[in-house]
Amino acid sequence: MFAIVGCPSCGNERMIDLSVGSTSCPFCGKKSDTGVLFVKFKHSDQSVVRDVLHGKQIPSIRNNPMGELAFRISQARDPEKKMILISENISKIKEEFTLEDVEELVPGEGEKYINAMLENCIIYEVGYGRYRV
């Protein structure tokens, strides 16, 4: 997984590989643990992260409602705001959705968000593994 992070020392944004334990800022040289850096955007495709970092329009995201929603969610810092973005927008894209759909939006955190939305009565389960707002 690749991500855009800001350097805690100089503030410059850069792309990192999250699977690596530490990284050094190419601008100021500060070494940081990747687990403590604030992730502004992450995606499994390095070229997508590079394009976002350089401000390029990404046709695959622009023409893909789930991709666009995933980008908007990645920009939200507050987990509650992420839940609202997911619940309000996924129902516009799909009438019913699954854990896999939420995983597409928040990789590795889908189950956590499904459980939190169920707990807060934001969504309900209409059938085994199928949810609605």
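Me: Which residues does His43 touch, not counting residues up to four places away in sequence?
Reply: His43 touches Met1, Phe2, Val48 and Val49 under that condition. Contact here means heavy atoms within 4.5 Å. This is a predicted model, in which local features need pLDDT of at least 70 and side-chain atom pairs count only at pLDDT 80 or more, while totals for chains, interfaces and linings use all residues. Residues are numbered from 1 along each chain as its sequence is written, and side-chain values use heavy atoms, with hydrogens and water left out.

Me: Where is the place of His43?
Reply: His43 belongs to strand S5, residues 39–43. Helices (H or I, at least four residues) and strands (E, at least two) are DSSP runs, numbered from the N terminus.

Me: What does His43 count as in terms of relative accessibility?
Reply: His43 counts as partly exposed, because its relative accessibility is 29%. Buried means under 20% relative accessible area, exposed over 50%, and partly exposed in between, with a 1.4 Å probe and protein chains only.

Me: Which backbone nitrogen lies 2.9 Å from a polar atom of the side chain of His43?
Reply: That nitrogen belongs to Asp45. A polar contact is a pair of N or O atoms within 3.5 Å; within protein, one must be able to donate a hydrogen and the other to accept it, and residues adjacent in sequence count only if both atoms are side-chain atoms.

Me: And what separates the C-alpha atoms of His43 and Ile4?
Reply: The distance is 9.2 Å, for two residues that are 39 residues apart along the chain.

Me: Val48 and Val49 came up already. Which residues are buried in helix H1?
Reply: In H1, residues 46–53, the buried residues are Val48, Val49 and Val52. Seen down the axis of H1, they fall within an arc of 100°, so they line one face of the helix. The arc is that of the directions from the helix axis to the C-beta atoms.

Me: What follows H1?
Reply: Gly55 follows H1, and its phi is positive, near 75°.

Me: Now the whole chain. How many helices and strands are there?
Reply: The protein chain has 6 helices and 7 strands. Along the sequence, the pattern reads β-β-β-β-β-α-α-α-α-α-α-β-β.

Me: What box do the C-alpha atoms fill?
Reply: Taken along the principal axes, the box is roughly 50 × 30 × 20 Å. The protein chain has 133 residues, of which 34% count as buried.

Me: Which residues are buried in helix H6?
Reply: Gly110, Tyr113, Ile114 and Met117 are buried in H6, which spans residues 110–119. These buried residues fall within an arc of 100° when seen down the axis of H6, so they line one face of the helix. Glu111 and Glu119, on the other side of H6, are exposed.

Me: What covers the buried residues of H6?
Reply: The cover includes helix H4 (79–93), helix H5 (99–105) and strand S7 (130–132). After H6 comes Cys121, whose phi is positive, near 60°.

Me: Where is Asn89 found, and is that residue buried or exposed?
Reply: Asn89 is found in helix H4. Asn89 counts as buried because its relative accessibility is 12%.

Me: What does Asn89 touch, leaving out residues up to four places away in sequence?
Reply: Asn89 touches Leu69 and Arg72.
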